[in-house]
Amino acid sequence: MVTLRNRYEVVRPVYSEDSFAADHEKVCRRRKTILQHIKDCDSKRATNAVLSLLPIIGWMRIYRVREWLLGDVVSGISTGMVAIMQGLAFSLLASLPPSYGLYTAFFPMLTYFFLGTSRHISVGSFPVLSLMVGAVVTRLVPEQGAPANITGFEGLTQDQQRVLVASSVTFLMGVFQLAMGIMQVGFVVMYLSDTLVSGFTTAAAVHILVSQLKFVLGLSVPGINGPLSIIYTLEKIFVQITSTNICDLVMSILIMIVVFIVKELNNIYKAKLPVPIPIEVIMTIIACGVSYGFNFEERFDVGIVGKMVSGYETPIAPNMQVIQNSAVEAFPIAIVGFAVAFSVAKVYSIKHDYTIDGNQELIAFGVSNIFGASFRSFAASTALSRTAVQESSGGKTQIAGLISAMMAMIVTVALGFLLEPLPKSVLGALVIVNLKGMLMQFSEILYLWRKDKPDCVVWVVTCLGAILLGLDIGLAVGLGVELLTVVFRTQFPRCSVLANIQGTNLYRDHKDYLHIFEPKGVKIFRIPSPIFFANIEFFKDKLVEAVGFNPLRVLRKRNKALRKIKKLLKKSNDDTTETTDDMNMEELDLPTDLKDLPFRMDWNAELPPNISVPRVDLHSLILDFSAVSFLDISALKGLKMTLKEFIHIDVDVYIVSCDAYILEKLHSCMFFDDEILTSMFFPTLHDAMLHVLDKHKDKKSNAEMEDHFKNTTQPLITYN
C-alpha cells in the first residue's frame, strides 16, 4: 500500500557560505565575563542561587501535608528497617563492627536532607563502597599481624583502629566529592558509561560473594588485599573447607532460600502489596530469637554480632597519615559512590518529573560523608534495593529518608542490645541474597557481543580487571579501555562516498541504495567524526582510496612529463640548449607551470609514447563536513596540504555543511590564502552540487547531470 506523503518545494538561490553571509546578516554575540555576570545578578538570580544550594527550600514550599505526609511516614519506617539490616550486613564488608553500619544509616542522611536534590534515594551504605573501604581497612589494619606504622593507632584496639581508618578514608572521599561539586565538574561521571559501571559492579558482586563465604561457612579467613587477592582468599577457604560450621551453613542456606522466595513474590505481587514484605527484618528477628534461645554461640560455636555500641560516641578528627596512605583508593571510591547515587537518582527524577543537579549532588554527598566521617560512619551512597523500597512504599520526599534515619537512631540508642545474639552468618546470607541483581548482569555479555563488540570488550575487561586486580585498579583499567574505544571510534571512523538519491536533494552512501545517481567527474566524500592529530592521516588515506589516485603522485608525474614535453619542443625547434631531467622533490611538488606551452594542455588526451601520466577523470571533489565537530591545529595543517594537492592537479575542492565555529577557527588560524578561498565553502551539499553543475554545464559529461537535476536546480517552502 502506497502511503501519501506531504510534499514541499524550495525555491531559493544557490548559496555558498560567502553569498549566504552577504544576503543574511549574522548577529554578533559577545560572551559575558564573570564580572559582567556578577554585575547583572539581580534578586531573582540570587534567590535561585540560594535555592540551588539548599534544595530543601524548593520542595518544602510545595509540600502537600495531607497528601504526602502519611506516605512519607510509612515509607520512612519501611525503608528504615531495611536500612538497619543492610547497615549491619554491609559493615562486615567494610571489616568493621556491625554497629557502625547504623551510624552510616543515620549521620549522612541528616545533611543530605537539606542539600540533596533527589527526593527519593535512600542515603546510606552501599555494598561496593563498603567493600572498597574494607580493602583499605584490612590493608592498614590486617586481622593477623601488626598494623601499619601510624601514630594515631597507639593505644587503640584493633576495632578502634579500623574505625579510624574507615572514617578517615570516608572523610577524604567527602573532600574529593565536595571539591568536584564546587568546581562544577559533575560531568566527570559521564565518563563512567553504563557498560563500564555494569562490568565493575558485577566484579564487585563477585568480590562481595567471596568475602561473605567465611561468615556463611563459619571459617576464620584473614582479609587479603592487592592483585589476585580473590584467588588467595578462595585458596584459604578451600584449605579450611573441612572445618565448616554446619550450623552456620544450614542457617545461611535456609535464610537465603526464604529471602529469595519472598523477594520474588514481592516482585510478582508488587502492584497488589501496599508495602513490600520486609523479609530481611523478619528473618533477622527470628534468627536473633533462635540464636539467643538455643545459645548458638556456646553450643555450636557460632560467631555472633556481639557487643553493640550503645548511643553515639564523640566526634573524631581524620588521621592525616591514614589520608596520605589511602588517597589513591579514596578517589575511585568518591567517583563510584557518586556515579551510583546519581544514576539511581536520575531514574526516579525522570519517573516523577523533577530535575536533579549533578554538581549539587556532589556537594550534598561530599558534605554528608565529611559530616558522617566525623561521627565514625563509613562511605555513604545509595542502594537501588533500598531506594526502591522508599519509592514503592509511598515516599514522596526526603522526609521519608529522615524518618528512616530516626529509625536507625532508635536502634542505636535503645534497641541495639537486642541484636547482639544475631549470627554473623545471617548477615552474610542477607548480603549474598541481595547480590542477585548485580550477578544477573553477566547475561549482558551475549547481548553486548551481538549489538556492540567494543562495548562488550569494555564490560569484559572491566569485570575481569576488577576481579583479578582489585576494584580500584580494575576501575582504572576499565576506564582506560573505554577511552581507548572512544579514540578507536574517532580515529578510524567509517568514511563513505555519497551519491544522490534519484528525485531528491538527499545524499546517502552509494553502497546502501540501488537507485542512485553519481555524476561523472564528481566525488562526494564524508567523514563522520572530528578531524584531529590522531586521524588526519587516516582521513588522507581514505580520501585517496575514495578518489582512486594520489594527487601528489599525479602532480609529480605531470611535472616530470612536462619537463619531457618541453625538452621535445626545444629539440623540434633546433634548440641546442641542454636540459636536464633532474628535478628535486620540491620542484616536483610545485603547481604545474603551463605558461610557456604553445598549446592548451589536456592531461587526459593522448600523449607521446614515452610519456605516461595517470589519467584523472575527477574535476570536482566535495567534502561533507556535516559530522565534523572540531579540527585541531595538526588537522588544519594536514587538511590545507591535502586541499592544495588536489587544487594543483586542477580538481576543484568544495567543503559543505561546515560548522560555524569551525569556520571561525579557520579564519583565525589563517587557513585561507590565494589558493584556498572562502568561496569553496557551501552551506549544504546540494548547493555545492548545483554550483558544480552550473560551472561545468558546457561539458558533454554533464548533460546527464543537468537532466537529472533539472527539477531541483532552483532549490520559501510550499507544502501540498
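This is a predicted model: local features need pLDDT of at least 70, side-chain atom pairs count only at pLDDT 80 or more; totals for chains, interfaces and linings use all residues.
Helix 24, which covers residues 536-547, has twelve residues and reaches 17 Å from its first C-alpha to its last, close to the 16 Å expected at 1.5 Å a residue.

- The buried residues of helix 24 are Ile536, Phe538, Phe539, Lys540, Leu543, Ala546 and Val547, a list in which Lys540 stands as a charged residue.
- An α-helix has 3.6 residues a turn, so residues three or four places apart point the same way.
- Just after helix 24 comes Gly548, whose phi is positive, at about 90°.

**Strands 4, 7 and 8**

- Strand 4 (residues 496-501) and strand 7 (residues 522-526) run antiparallel and are joined by three bridges; within this pairing, Ser496 has Arg526 of strand 7 as its bridge partner.
- Strand 7 is also joined to strand 8 (residues 620-624), in this case by five bridges and with the two strands running parallel; here Phe525 stands opposite Leu623 of strand 8.
- In a regular strand the side chains alternate between the two faces of the sheet.

**The largest cavity**

- The volume of the largest cavity is about 50 Å³, and its lining consists of Leu192, Leu196, Val197, Phe200, Thr201, Val336, Ala339, Val340 and Leu475.
- The elements that give two or more residues to this lining are helix 10 (194-217) and helix 15 (320-351), and helix 10 gives the most, with four residues.
- Sorted by class, the lining of the largest cavity has eight nonpolar residues and one polar residue, while no charged residue takes part.

**The second largest cavity**

- The second largest cavity has a volume of about 40 Å³ and is lined by Met85, Gln86, Ala89, Phe90, Glu280, Leu430, Val431 and Asn434.
- Two or more residues of this lining come from each of helix 5 (65-93) and helix 19 (424-433), with helix 5 giving the most, namely four residues.
- By class, the lining of the second largest cavity divides into five nonpolar residues, two polar residues and one charged residue.

- Ser16 is found in the loop between strand 1 (8-10) and helix 1 (17-23), and it counts as buried because its relative accessibility is 12%, which is under the 20% cut-off.
- Once its neighbours within four places in sequence are left aside, Ser16 is in contact with Ser679, Phe681, Phe682 and Pro683.

**Helix 29**

- Helix 29 (residues 685-695) is mostly covered, with eight of its eleven residues buried.
- The buried residues of helix 29 are Leu685, His686, Asp687, Ala688, Met689, Leu690, Val692 and Leu693.

- Most residues other than glycine have a negative phi, and most peptide bonds are trans.
- Arg376, which is not a glycine, has a positive phi of about 75°, and its place is in the loop between helix 16 (358-374) and strand 3 (381-382).
- With a relative accessible area of 12%, Arg376 is buried, because that value is under 20%.
- Asp650 is likewise a residue other than glycine with a positive phi, near 65°, and its place is in the loop between helix 27 and strand 9 (652-656).
- Asp650 has a relative accessible area of 53% and is therefore exposed, since the cut-off for that class is over 50%.

Technical notes
Residues are numbered from 1 along each chain as its sequence is written. Side-chain values use heavy atoms; hydrogens and water are left out. Buried means under 20% relative accessible area, exposed over 50%, partly exposed in between (1.4 Å probe, protein chains only). Contact means heavy atoms within 4.5 Å. On a 1 Å grid over the protein atoms alone, a cavity is a set of points where a 1.4 Å probe fits but cannot get out, and a pocket is an open set with protein on both sides within 12 Å along at least five of seven lines; lining residues have an atom within 4 Å of a point. Grid points are joined across faces, edges and corners, and a volume is the space filled by probe spheres set on the points. Two strands pair if DSSP finds at least two bridges between them. The expected span of a helix is 1.5 Å times one less than its number of residues.
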